[in-house]
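Me: I have this one open for the first time. Can you walk me through it?

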Amino acid sequence: MEQMTLFNDRRQTAPLASRLRPQSLEEFAGQEHLLGKGKMLRNLIEQDQISSMIFWGPPGVGKTTLASIIAGRTKADFINFSAVTSGIREIKEVMKQAEDSRRMGIRTVLFVDEIHRFNKAQQDAFLPFVEKGSIILIGATTENPSFEVNAALLSRCRVFVLKALEDRDIAKIIFHALQSPSGFLDQHVQITGRQVDAIAAFSNGDARTALNTLEMAVLNGDISAEGIIVTNEGLEQCISKKSLLYDKNGEEHYNLISALHKSMRNSDPDAAIYWMCRMLEGGENPLYIARRLIRFASEDIGMADSHALQVAVAAYQACHFLGMPECDVHLTHAVTYLSMAPKSNALYIACEECKRDVKELRAEPVPLVLRNAPTGLMKELNYGKGYEYAHDTEEKLTHMQCMPDALSGRHYYHPGVQGEEKKVKERLKRIQEWRNGKEHI
């Protein structure tokens with residue numbers, strides 16, 4: 001006798017993400033900027049007027065699914081092609097098939113997954129067939145097509161940028177999985193809203209990760225007479241995080257980022273590292289932390305140590321390249337550097353004071369002396385008259401007024417005395433004294 005399990009049905013043998021792949025635009029979650037009512041890509045698909053295009057976006061946002069939906073809507077042959085398993089020989093075979101179809105008046109839509117994995121010669125093999133219209137190429141890539149796709153091929157394709165899914169989109173997908181006959185409808189899964197939020201937070205905008213995590217949580221849930229109960233303990237094991245204790249959109253999220261920021265400002269690297277690790281352990285996106293470090297580098301350090309901004313940006317890039325868990329050490333590097341760097345909020349104050357003037361005062365015209373005069377009429381109107389080229393002077397300075405008359409003498413930047421900013425303060429003082437009539441700079 002065949003052993004019966006909760007997932008005995010043949011339709012349940014495929015991974016949950018595959019079973020629930022949307023079949024229509026109405027079922028597709030996210031990407032409203034492309035697929036909302038009246039948006040360009042939606043109109044092209046609905047009117048069957050697609051041209052060669054590239055879908056660029058992170059994993060699990062629907063690139064392959066969107067191509068599958070197009071396949072169901074188009075009146076053309078659809079060929080699914082993988083850059084991972086195919087070479088020049090396979091490309092030529094498919095191109096010959098497409099060319100034969102073109103002669104019979106049949107269009108061919110060729111979907112190439114992970115097109116960035118093709119080398120230049122392989123990508124060039126598509127070019128003449130795209131130009132002739134033998135194929136409509138749809139490429140999918142997680143890498144910037146400006147760097148990974150040949151310029152000649154890229155110029156013949158529209159690039160559509162797919163964004164990481166919002167947590168609400170992920171939650172919608174999860175609830176659909178729980179209520180769908182192809183999902184867990186028959187298993188009567190009991191899961192809390194907080195648990196759904198934890199899965200959404202952990203998935204980091206990746207629907208495939210969310211569904212795989214949900215599937216593991218259900219498989220490891222407690223079985224009762226009423227169905228399957230997803231437990232906090234089981235879910236934490238599936239995601240290896242304490243996400244259930246960390247609400248990315250709630251008070252704890254802001255409490256922890258505030259603690260990190262203020263610990264760095266207070267030059268306390270130990271506390272800063274602790275709060276950063278708390279956020280990572282709670283499932284926070286490392287790129288969010290890295291973005292806050294970039295802001296901190298200019299807001300709280302600024303000219304006192306301009307290298308701080310470089311370190312913060314490098315940490316962001318490292319997080320982007322590696323992701324978790326490897327990037328935690330890069331964040332620790334940046335947090336420690338920023339904590340120990342000399343501090344200055346002079347740039348922040350300058351920015352805020354200037355923004356206030358821009359908002360509250362009238363928009364002053366650009367002084368004529370600073371305007372370019374590319375035409376004769378502009379020269380007649382005194383555009384650029386009296387402009388002094390600083391490089392022509394020994395001091396590399398002029399007495400020319402660059403501020404509007406109404407703001408003459410207004411100063412926003414007041415450098416401090418910490419770190420390298422002390423030198424900046426001294427130089428700025430010398431410049432101001434020179435402009436006020438001093439002999440030497």
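**Confidence first**

Reply: The protein averages a pLDDT of 84, and 92% of the residues score at least 70; pLDDT is the predictor's confidence in each residue, from 0 to 100. This is a predicted model, where local features need pLDDT of at least 70 and side-chain atom pairs count only at 80 or more, while totals for chains, interfaces and linings use all residues. Residues are numbered from 1 along each chain as its sequence is written, and side-chain values use heavy atoms, with hydrogens and water left out.

Me: Where is confidence lowest and where is it highest?

Reply: Strand E2 (residues 77–82) is lowest, at a mean of 77, and helix H17 (residues 328–340) is highest, at 97. Helices (H or I, at least four residues) and strands (E, at least two) are DSSP runs, numbered from the N terminus. Over residues 1–11 the pLDDT is below 50. Where pLDDT is low, the predicted coordinates should not be read in detail.

Me: Back to H17. Is serine 339 buried or exposed?

Reply: Serine 339, which lies in H17, counts as buried because its relative accessibility is 0%. Buried means under 20% relative accessible area, exposed over 50%, partly exposed in between (1.4 Å probe, protein chains only).

Me: What is serine 339 in contact with?

Reply: Leaving aside neighbours within four places in sequence, serine 339 is in contact with Met264, Ser267, Asp268, Pro269 and Ala272. Contact means heavy atoms within 4.5 Å.

Me: And why does arginine 42 count as buried?

Reply: Because its relative accessibility is 6%. Arginine 42 sits in helix H3 (residues 40–46), and its contacts, again leaving aside neighbours within four places in sequence, are Leu25, Glu26, Leu34, Leu35, Gly36 and Lys37.

Me: New topic. Which residues are buried in H6?

Reply: In helix H6 (residues 120–132), Gln122, Gln123, Ala125, Phe126, Leu127, Phe129 and Val130 are buried. What covers them includes E2, helix H5 (88–103) and strand E3 (108–113).

Me: What follows H6?

Reply: Glycine 133, whose phi is positive, near 85°.

Me: Last one: which residues of H10 and H11 meet?

Reply: Ile199, Phe202 and Ser203 in H10 meet Thr209, Ala210, Thr213 and Leu214 in H11. Those residues divide into 4 nonpolar, 3 polar and no charged (Ala, Val, Leu, Ile, Met, Phe, Trp, Tyr, Cys and Pro count as nonpolar, Asp, Glu, Lys and Arg as charged, and the others, Gly among them, as polar).
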